Amino acid sequence: MIASLEKLIAARIRQDVQGMHAYAVQDSRGMVKLDAMENPHRLPAPLQKELGERLAAVALNRYPGERIEDLRTALARHAQLPDGCALMLGNGSDELIALLALACDVPGATILAPQPGFVMYAMSAQLQGLRFVGVDLTPDFELDGKAMLEAIALHQPAIVYLAYPNNPTANLWDDATIEKIVRAAPGLVVIDEAYQPFSSRSYLDRLAQHEHVLLMRTLSKFGLAGVRIGYMMGRAELIAQVDKVRPPYNVSVLNAEAALFALEHEDVFAAQAADLKRERERLQEALKDMGLKAWPSDANMILVRVPDPARSFEGLKARKVLVKNVSRMHPLLAGCLRLTVGTAEENTQLLAALRSTL
Ligand code: PMP
């Protein structure tokens with residue numbers, strides 16, 4: 001690097017940013033991709049063709065406008081938005097997490113979440129110069145109610161995140177403990193239901209009871225990870241405040257049109273989710289038959305403990321199966337790999353490859 005550029009970076013880029021690593025996406029070319037909780041099913045070919053025609057007709061010369069409103073309306077219907085609540089859109093829920101940190105950036109504010117959990121909660125705090133407090137789950141990945149309540153009382157967090165189900169542990173937490181946390185929280189509580197298409201429970205019916213709770217969802221796990229649409233629901237007055245920090249045209253017209261098309265065919269995606277839930281049960285059984293500890297899952301992923309995670313991860317990779325080695329993310333995850341549920345064929349390949357690495 002030329003010396004002047006090096007100086008410029010040292011002087012003008014934040015110290016903590018200079019020390020950070022960019023979010024790493026594993027190279028998945030030619031691999032069975034089971035590392036990122038994507039829906040492995042594509043749109044059926046006739047629908048893909050029809051979508052192509054719809055996208056070809058979109059005017060690209062104008063900023064996103066009415067179609068974004070159409071998408072908000074369609075999502076409100078899809079999600080059964082409760083009375084008195086509003087819905088805002090993000091470029092994936094990752095953007096909503098970043099916007100929440102921006103909106104709550106009062107000096108010394110804290111973001112709190114159980115650990116191990118989704119990395120963006122901590123990252124949003126770091127990028128916004130806020131404090132992040134992680135509270136360990138119990139060894140069986142349940143919320144530690146006492147520790148959570150103590151940490152809330154001590155740190156008075158601006159935001160508490162509860163991923164329901166959690167990533168990477170894939171489980172739902174005890175509802176009574178969640179209720180205690182919600183009642184104790186002095187700031188916002190965000191229930192992140194990214195994995196709702198695969199989950200046996202939702203917080204939606206309880207949303208309207210608490211004015212400080214926001215419910216976040218995404219179309220990524222539904223089957224549109226490439227389209228980048230996240231949404232957040234909550235009391236209209238609160239959503240209106242967070243919406244002020246959203247960049248005006250954060251959702252592209254092409255993304256909005258693709259999402260609208262998908263929502264017109266939600267039965268296709270529901271059938272895909274049903275297939276993945278069946279496959280999840282098959283994988284669970286097969287992993288247990290191999291003598292491995294696999295935790296219950298309400299998502300499209302399974303956390304499994306293997307004798308040597310590095311060997312299994314590399315062995316899978318050599319057999320063209322890409323999963324996520326989470327064993328070093330947190331002490332509670334020692335020995336663990338996170339497997340995304342794929343198609344029946346992909347899962348069969350995964351199981352055979354995994355067996356050969358044990
Ligand atoms: N929340 C949770 C719990 C997640 O696991 C993920 C993605 N893995 C997201 C949010 C982000 O989803 P997206 O930005 O694709 O909407």
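Predicted model: local features only at pLDDT ≥ 70, side-chain atom pairs only at ≥ 80, totals over all residues.
Local features need pLDDT of at least 70 and side-chain atom pairs count only at pLDDT 80 or more, while totals for chains, interfaces and linings use all residues. Residues are numbered from 1 along each chain as its sequence is written.

The largest nonpolar core has 95 residues, of which Ile111, Val160 and Ile302 touch the most other members. Such a core is a set of buried Ala, Val, Leu, Ile, Met, Phe, Trp, Tyr and Cys residues joined through C-beta atoms within 7 Å. Because domain 1 (12-43 + 267-357) and domain 2 (59-264) both give residues to this core, it lies between them; the domain bounds come from an automatic or database domain assignment.

Thr110 lies in strand β3 (residues 110-115), strands being DSSP runs of E of at least two residues, numbered from the N terminus. Thr110 is buried because 20 other C-beta atoms lie within 10 Å, the threshold being 20 or more, with C-beta atoms placed from the backbone. Thr110 and Ile159 are 49 residues apart in sequence, yet 6.9 Å apart in space, C-alpha to C-alpha.

| Residue | In contact with |
|---|---|
| Thr110 | Leu130, Arg131, Val133, His155, Pro157, Ala158 |
| Val160 | Leu112, Ala113, Ile152, Ile181, Ala185, Val189 |

How values were computed
Helix = DSSP H or I, 4+ residues; strand = E, 2+ residues; numbered from the N terminus. Buried ≥ 20, exposed ≤ 12 C-beta atoms within 10 Å, placed from the backbone. Contact = placed C-beta atoms within 7 Å. Lists of a residue's contacts leave out its neighbours within four places in sequence.
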